[in-house]
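Hi everyone, thanks for making the time this morning. Please have a look at the model on the screen.

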Amino acid sequence: MTKYLFQGKYVGEGIKGLMQEGGSKRKDAVIRALESVGGSLECIYYAFGETDVLGVFDIPDEASAAALSLMINASGAVDLRLTPLMTPEVLDAAAGKTPSYRAPGQQ
C-alpha cells in the first residue's frame, strides 16, 4: 500500500453540496470511493483558505490513485491534488542511490 496526502478545494456545485450534506457525509463518500479501489482512509480534516479538505489515505497502486484522482477531478465539484508520501526508510534507500544526471547548461 502507498500512502497519499490529498488536498482538495471544493468548487462550484461542490461547495453547495458540501454545505447541504455536511462534512460527515462527505467523509463517508471519500471512504466509499477509496474502498471501491481497495484503499482506506487514515485521516481527513476540513480547513478554509486555499485548501478545503485534506488528509491521508492508503491505496494499493498508482493506477488506482490515478483513477480516483481522474474521477474526482472530472466531477468538476472538487479540485483534487495527490502527493505520494514516503517513509524515512524509503528516503534512506533513495539517498543511498547514485543516479547519473547532467544539469541543463553543464558539460
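**Around helix α3**

Before going on, a word on where the values come from. This is a predicted model, so local features need pLDDT of at least 70 and side-chain atom pairs count only at pLDDT 80 or more, while totals for chains, interfaces and linings use all residues. Residues are numbered from 1 along each chain as its sequence is written, and side-chain values use heavy atoms, with hydrogens and water left out.

Helices (H or I, at least four residues) and strands (E, at least two) are DSSP runs, numbered from the N terminus. Helix α3 covers residues 62-74, which is 13 residues, and spans 18 Å from its first C-alpha to its last. That is close to the 18 Å expected at 1.5 Å a residue, the expectation being 1.5 Å times one less than the number of residues.

Which residues of α3 are buried? They are Ser64, Ala65, Leu68 and Ser69, where buried means under 20% relative accessible area, exposed over 50%, and partly exposed in between (1.4 Å probe, protein chains only). Looking down the axis of α3, these buried residues fall within an arc of 130°, so they line one face of the helix; the arc is that of the directions from the helix axis to the C-beta atoms. On the other side of α3 you'll find Glu62, Ala63, Leu70, Met71 and Ala74 exposed.

And what does the buried face meet? The buried residues of α3 pack against β1 (2-10), α2 (23-36), β3 (53-59) and β4 (78-85), with contact meaning heavy atoms within 4.5 Å. Take Ser69: at 17% relative accessibility, Ser69 counts as buried. Leaving aside residues up to four places away in sequence, Ser69 touches Leu80 and Leu82.

Now to the start of α3. Asp61 sits in the loop between β3 and α3, and Asp61 is partly exposed, with a relative accessible area of 33%. A side-chain oxygen of Asp61 comes to within 3.3 Å of the backbone nitrogen of Ala63. I'm calling that a polar contact: a pair of N or O atoms within 3.5 Å; within protein, one must be able to donate a hydrogen and the other to accept it, and residues adjacent in sequence count only if both atoms are side-chain atoms. Asp61 and Thr2 are 59 residues apart along the chain, yet their C-alpha atoms are separated by 6.6 Å.

**The sheet and the other helices**

On to the sheet. Four strands form an open sheet in the order β2-β3-β1-β4, with antiparallel pairing; two strands pair if DSSP finds at least two bridges between them. The edge strands are β2 (40-46) and β4, each pairing on one side only. β1 and β4 run antiparallel and are joined by eight bridges. Lys3 stands opposite Leu85 in β4.

α2 lies across β1, β2 and β3, running at about 150° to β2. Axes here are lines fitted to C-alpha atoms, for helices over the stretch in contact, and angles run from 0 to 180 degrees between N-to-C directions.

Last, helix α1 (residues 13-21). Gly14, Gly17 and Leu18 are buried there. They cover an arc of only 100° around the axis, which puts them on the same side of α1. On the other side of α1, Glu13, Lys16, Met19 and Gln20 are exposed. The cover over the buried residues of α1 includes β1, α2 and β2. α1 is followed by Gly22, whose phi is positive, near 90°.

Thanks, and I'm happy to take questions.
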